[in-house]
Amino acid sequence: MLATRFYSPLKRIFIIFFCTLTLWFSYSDVSRADINNDRYDGNIFVVYAGNGSLVPSKLTLKQSLDRKMPVILVYYLDDNSDSKQYAFIVSRFQEFYGRAASLIATTVDTIPPKDQYQPDELGYYYKGGIPQTVVLDQEGNVVFDQIGQSRFEDVDDILRKVFDLLPRSESVELKRKTFNEFNSELVPVNK
């Protein structure tokens, strides 16, 4: 009789626990997250751009400005569909300008709230919208600032001016090599 009284409440607790656990998993299912919704599913640069090297950035804003490097600032959120869709474009910035410019992609959640920021702090350039792209020239002057998904070509035009490069219409189209093109360079072809 004692055993029946002991197991009966214990069974009820286990049943409640498993029902709660089942409900929790059904509502917090990350498999429902995708590029078109605002659910969190991980670092957007890893998940949607295949580029985990963007975050954290190699240099801080202060270090970049001290070195007189052009800076591409990108403000985003990992759980924002516009930021998720923009991740591939940000990866292209790094692909073409990552060696000559400092690319700093920062989630706005990491900007410490302050009343006033200095020009070498990330909060100084943030305007409250995401994604936001800001380009600073070698002197730290803002030469591009846009909220929303910027086109690669628009930012590329600005960076071509910053680096004194030929306009796109007068230069060779920048194209990424495919995997097979890399292989053909490494392995001699027997004919």
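How many bridges join strand S3 to S4, and do they run parallel or antiparallel? Five bridges join S3 (residues 132-136) to S4, and the two strands run antiparallel.

The model is predicted, so local features need pLDDT of at least 70 and side-chain atom pairs count only at pLDDT 80 or more, while totals for chains, interfaces and linings use all residues. Residues are numbered from 1 along each chain as its sequence is written, and side-chain values use heavy atoms, with hydrogens and water left out.

**View 1. The whole chain has six helices and four strands.** Helices (H or I, at least four residues) and strands (E, at least two) are DSSP runs, numbered from the N terminus. Along the sequence the pattern reads α-α-α-β-α-β-β-β-α-α. The chain holds 191 residues, and 35% of them count as buried. Buried means under 20% relative accessible area, exposed over 50%, and partly exposed in between (1.4 Å probe, protein chains only). Take the contacts between residues at least 6 apart in sequence: 62% of these join residues at least 24 apart. Contact means heavy atoms within 4.5 Å.

**View 2. Four strands form an open, mixed sheet.** The strand order is S2-S1-S3-S4. Strand S2 (102-107) and strand S4 (142-147) stand at the edges with a single partner strand each, so one side of each has no neighbour in the sheet. From one strand to the next, the twist averages 10°. Two strands pair if DSSP finds at least two bridges between them. Strands of a sheet pair through backbone hydrogen bonds, either parallel or antiparallel. S1 and S2 run parallel and are joined by six bridges. Tyr76 has Thr107 of S2 as its bridge partner.

**View 3. S3 and S4 make a hairpin.** Five residues lie between the two strands. Gly140 takes a positive phi near 90° in this hairpin. Gln132 has its bridge partner in S4, Ile147.

View 4. Axes are lines fitted to C-alpha atoms, for helices over the stretch in contact, and angles run from 0 to 180 degrees between N-to-C directions. The buried residues of H5 include Phe152, Val155, Ile158 and Leu159. The buried residues of H5 pack against S1, H4, S3 and S4. Asp164 follows H5 and has a positive phi, near 55°.

**View 5. The largest nonpolar core has 23 residues.** A nonpolar core is a set of buried Ala, Val, Leu, Ile, Met, Phe, Trp, Tyr and Cys residues joined through side-chain atoms within 4.5 Å. Phe45, Ile72, Val74, Val90, Phe93 and Leu103 touch the most other members. Helix H2 (44-47), S1, H4, S2 and H5 each give two or more residues. H4 gives the largest share, six residues. A second, separate core has 14 residues, including Leu61, Leu73, Val108 and Ile111.

**View 6. Strand S2 is covered on both faces.** Six of its six residues are buried. Ser102, Ile104 and Thr106 lie on one side, with Leu103, Ala105 and Thr107 on the other. Ser64 sits in helix H3 (residues 61-66). Ser64 is buried, with a relative accessible area of 0%. Leaving out residues up to four places away in sequence, Ser64 touches Leu59, Met69, Val71, Ser102 and Ile104.

**View 7. The largest pocket holds about 250 Å³ of space.** Of its 14 lining residues, Lys58, Gln94, Gly98, Arg99 and Ala101 are the closest to its centre. H4 and S2 each give two or more residues to the lining. On a 1 Å grid over the protein atoms alone, a pocket is an open set of points where a 1.4 Å probe fits, with protein on both sides within 12 Å along at least five of seven lines; lining residues have an atom within 4 Å of a point. Grid points are joined across faces, edges and corners, and the volume is the space filled by probe spheres set on the points.
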